[in-house]
Amino acid sequence: MSDATLHATIQDPNDFAVQISDQIESFIVAVTEIAKGDEPDSAVPFLLLEVSQLMLAGGRLGAHEDIVPDERYEPDLGPEADVDELRERLARMLDPIDVYSEVFDPYEPRKAPVAARISDDLADVVTDLRHGMAHYRAGRVTEALWWWQFSYFSNWGSTASATLRALQSLVAHVRLNQPLAELDGLDTDEDLSTGEGALEEEAGRVMAEEIAAPLGLRTVK
């Protein structure tokens, strides 16, 4: 796809909807397959790739003019699909790198970092995307696009971008053979602003020996 096509202000609505739905469905399928754990050695690089590609769809939705649903009230989709199994599979596979620290809003001054989990983030993103996909598969294309755009701004966009930074940082630490903070003890219930339980620096050996090899990453020589 050329830059001119990507950034065109006037696109055929059907083509745009198909492209966005394809990208979103591809992400859902890929994350579900990765979570099965059949190829744990390549889990982190594959997740980095999939989240990066999803953010392109998010950027296109964000750059698009406001999408207005056909109906004033959202049609009832019934109960949401359970993502607990997906969340648990990802948490087991990504241990001990699941927890990371993130600043929730970079434009809030002096905002303290909070602890988050990659597994929680990915499961939440999949939940948002599946909700819109249910509309799309029911033939409510505009409703689906509205939901994906709205939830991109309100939830899954910031969640996915935080996950992307965590995955990119993880891969970068390994590939550049840089020291990584101690991972043991960090929990999502901790207040990182107090300094208690803060991460302590140690050699990149932790990554190389305990994390990089099982996850299919390698250090530079």
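## Threonine 159 in its helix

Threonine 159 has its place in helix α6, which covers residues 141-175, in what is a predicted model. Its relative accessibility is 13%, and because buried means under 20% relative accessible area, threonine 159 counts as buried. When residues up to four places away in sequence are not counted, threonine 159 touches Asp121 and Val125.

Helix α5 runs over residues 118-137, which makes 20 residues. From its first C-alpha to its last, α5 reaches 28 Å, and this is close to the 28 Å expected at 1.5 Å a residue. Just after α5 comes glycine 139, which takes a positive phi of about 90 degrees.

Two packed helices are described by the angle between their axes and the distance between the axes. For α5 and α6, the angle is about 165 degrees, and the axes lie 9 Å apart. Angles over 145 degrees count as roughly antiparallel, and α5 and α6 are therefore roughly antiparallel to each other. The crossing in which α5 passes α6 is left-handed, and the residues of the contact of α5 with α6 divide into 14 nonpolar, 7 polar and 3 charged.

## Helix α4 against α5

How do the axes of α4 and α5 cross, and within what distance do they come? The axes of these two helices cross at roughly 150 degrees and come within 8 Å, and that makes α4 roughly antiparallel to α5. The crossing in which α4 passes α5 is right-handed, whereas α5 passes α6 in a left-handed one.

On the side of α4, the residues of this contact are Leu86, Arg87, Leu90, Ala91 and Leu94. They meet Ile118, Ser119, Asp120, Leu122, Ala123, Asp124 and Val126 in α5. Sorted by kind, the residues of the contact of α4 with α5 divide into 8 nonpolar, 1 polar and 3 charged. An α-helix has 3.6 residues a turn, so residues three or four places apart point the same way.

Is the peptide bond from aspartate 95 to proline 96 cis or trans? The bond from aspartate 95 to proline 96 is cis, and its omega is near 10 degrees.

Key
Residues are numbered from 1 along each chain as its sequence is written. This is a predicted model: local features need pLDDT of at least 70, side-chain atom pairs count only at pLDDT 80 or more; totals for chains, interfaces and linings use all residues. Side-chain values use heavy atoms; hydrogens and water are left out. Helices (H or I, at least four residues) and strands (E, at least two) are DSSP runs, numbered from the N terminus. The expected span of a helix is 1.5 Å times one less than its number of residues. Buried means under 20% relative accessible area, exposed over 50%, partly exposed in between (1.4 Å probe, protein chains only). Contact means heavy atoms within 4.5 Å. Axes are lines fitted to C-alpha atoms, for helices over the stretch in contact, and angles run from 0 to 180 degrees between N-to-C directions. Angles under 35 degrees count as roughly parallel, over 145 as roughly antiparallel, 65 to 115 as roughly perpendicular and the rest as oblique. A crossing is left-handed if the near helix is turned anticlockwise from the far one by less than a right angle, and right-handed if clockwise. Ala, Val, Leu, Ile, Met, Phe, Trp, Tyr, Cys and Pro count as nonpolar, Asp, Glu, Lys and Arg as charged, and the others, Gly among them, as polar.
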